[in-house]
Amino acid sequence: MYHIFNECSVMANVEVLMPKMGESVAEATITKWLKEEGEMVELDEPLLEIATDKVDSEIPSPYEGVLSKKLFKEGDVVQVGKPIAVIGSESAASQPSPAAAQAPADEVPAQPAPAAQTMETPAVAETSHVSHAATPARSGDRFYSPLVRNIARLEGIGIDELDALEGTGVNGRVTKKDLLAYLPVRKRGRVQPTANGSASHVETAPAAPPAPAAKPAAPAQAPAVSVSGDDEVIEMDRMRKLIADHMVMSKHTSPHVTSCVEADVTNIVLWREKMKKHFEKKEGEKLTFTPIFIEALVKAIKDFPLINISVDGQRIIVKKNINIGMAAALPSGNLIVPVIKNADRMNLLGLTKAVNDLANRARINKLQPDEIQGGTYTLTNVGTFGNVLGTPIINQPQVAIMATGIIKKKPVVIETPSGDTIGIRHMMFLSHSYDHRVVDGALGGSFVRRVADYLEQFDMNREI
């Protein structure tokens, strides 16, 4: 196919690179090619579909021309910035462009990693931009992913120690799971990194023999499940596997504590009833409770900035930006968490438009990778499903998450200057799960109480 372009002097072979998909995303899996070699491709026409641990996405063509060569096949894992295809383009002929990428005969494209490998640990998610120079990508015939190298660097694990580990990945590759399983064993065995990054073992008693090289801890065995002829077996899809791994990792990482309060949101309910038709007619958008909840969260975070943090080893990273993630259920039953960046800089109208836009595009799988990362605090509304309250799992690397329950009418004791009375009020539970390593009960409990206070003090006469 190349000889056609060589005869056309106006054609130039240009490389299509795997685009950067936000912080902490170093690689992506090619899930589907939308064009075949020899087909015409329009500018910005979808060329292929890719998947990361954050989101699935279409990659548009940066050039108009003919797809002359695919450099990777479906299922391959490709590093960000690496050429993935070559396009013969007239539009690029007048501009200097790199030569078409030719994969060396002895180069084997990266094998697709199991879904569990792609999930990030809190420390790695915040520091993945750091150079991996301390640990080479290859040692002999063994390949180490950027995520594994970064964890190894943060934990002071040298290449010799990595080489000694037994890997469970493709071709014996050491995965993130292998490394995370090894770390507790390494600490229990008192394995200490030396100055050059390799491991040395400290004797527990003078007469004790040197400890043998630590082996990765065997993963916990799930109980056997019997399947009868009447049962249906459903394979988890890719997103469900990622969610499962992320939830288990979060529970292993953070000791969860949950504090609950009940808030009187009568003013909010009455105000929304009064405003929602006018708002929809004026703005063409629905007015929901979510932006009001987010507004109260932002105010409380400003009062308690140590809720807006992440943990990096034994360091606490205080986030200056307030980026609120909002958990959204997809039609498939899976969960995704788009993020409202710099929510503290938006008024209620801006929050409403942002919430509606992200929620609508989440349902049709049109979110961009950058829109589901960088969150510093997460809100989930379990009241949508009729639940009174929930105990949500922290969305790592954050340290807290809040669930809002269903709003129900209840008889409530109301204190007045002339005495107590009973009235019908709209009540809602708020449940706040937090990482007890860094958030104590006083802070976690005071924070959720402050959010409830802001909701109860909502001004019924405000405009939007």
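1. Two strands count as paired if DSSP finds at least two bridges between them. Helices (H or I, at least four residues) and strands (E, at least two) are DSSP runs, numbered from the N terminus. With that in hand, look at the open sheet of four strands: its order is S1-S8-S6-S3, and the pairing is antiparallel. At the edges sit strand S1 (12-17) and strand S3 (40-41), each of which pairs on one side only.

2. Before you go further, a word on what you're looking at. This is a predicted model, where local features need pLDDT of at least 70 and side-chain atom pairs count only at pLDDT 80 or more, while totals for chains, interfaces and linings use all residues. Residues are numbered from 1 along each chain as its sequence is written, and side-chain values use heavy atoms, with hydrogens and water left out.

3. S3 pairs with strand S6 (residues 65-70) in the antiparallel sense, over two bridges.

4. Now the whole chain. It has 10 helices and 23 strands. Of its 464 residues, 43% count as buried, where buried means under 20% relative accessible area, exposed over 50%, and partly exposed in between (1.4 Å probe, protein chains only). Take contacts (heavy atoms within 4.5 Å): among those between residues at least 6 apart in sequence, 64% join residues at least 24 apart.

5. What about the inside? A nonpolar core is a set of buried Ala, Val, Leu, Ile, Met, Phe, Trp, Tyr and Cys residues joined through side-chain atoms within 4.5 Å. The largest one here has 55 residues, and Phe 447 and Leu 455 touch the most other members. Helix H8 (residues 290-303) gives this core its largest share, eight residues. Apart from this core lies another, of 19 residues, including Val 16 and Phe 72. In soluble globular proteins, nonpolar side chains tend to be buried together.

6. Zoom in on Phe 447. Not counting residues up to four places away in sequence, Phe 447 touches Leu 297, Ala 300, Ile 301, Phe 304, Ile 307, Tyr 377, Met 402 and His 432.

7. On to charges. A salt bridge is a side-chain nitrogen of Lys or Arg within 4 Å of a carboxyl oxygen of Asp or Glu, and the count comes to 19. Which parts does the pair Glu 295 and Arg 462 tie together? The closest N and O atoms of this salt bridge are 2.9 Å apart. Glu 295 lies in helix H8 and Arg 462 in the segment after helix H10 (441-456), so the pair links parts that are 167 residues apart in sequence. Glu 295 counts as buried at 13% relative accessibility, whereas Arg 462 is partly exposed at 22%.

8. Compare Asp 76 and Lys 73, another salt bridge, with the closest N and O atoms 3.5 Å apart. Is Asp 76 buried or exposed? Asp 76 is buried, with a relative accessible area of 2%, but Lys 73 is exposed at 52%.

9. Last, the surface. Val 225, Val 227 and Val 233 form a nonpolar patch with about 320 Å² of accessible area together. Patches like this are made of residues with over 30% relative accessible area and no salt bridge; like charges are joined within 9 Å, and nonpolar side chains (Val, Leu, Ile, Met, Phe, Trp, Tyr) within 5 Å. Val 227 is found in the loop between strand S12 (199-201) and helix H6 (238-253), and is exposed at 54% relative accessible area.

Conventions
Accessible areas come from the Shrake-Rupley method with a 1.4 Å probe; for residues, only the protein chains shown count as cover.
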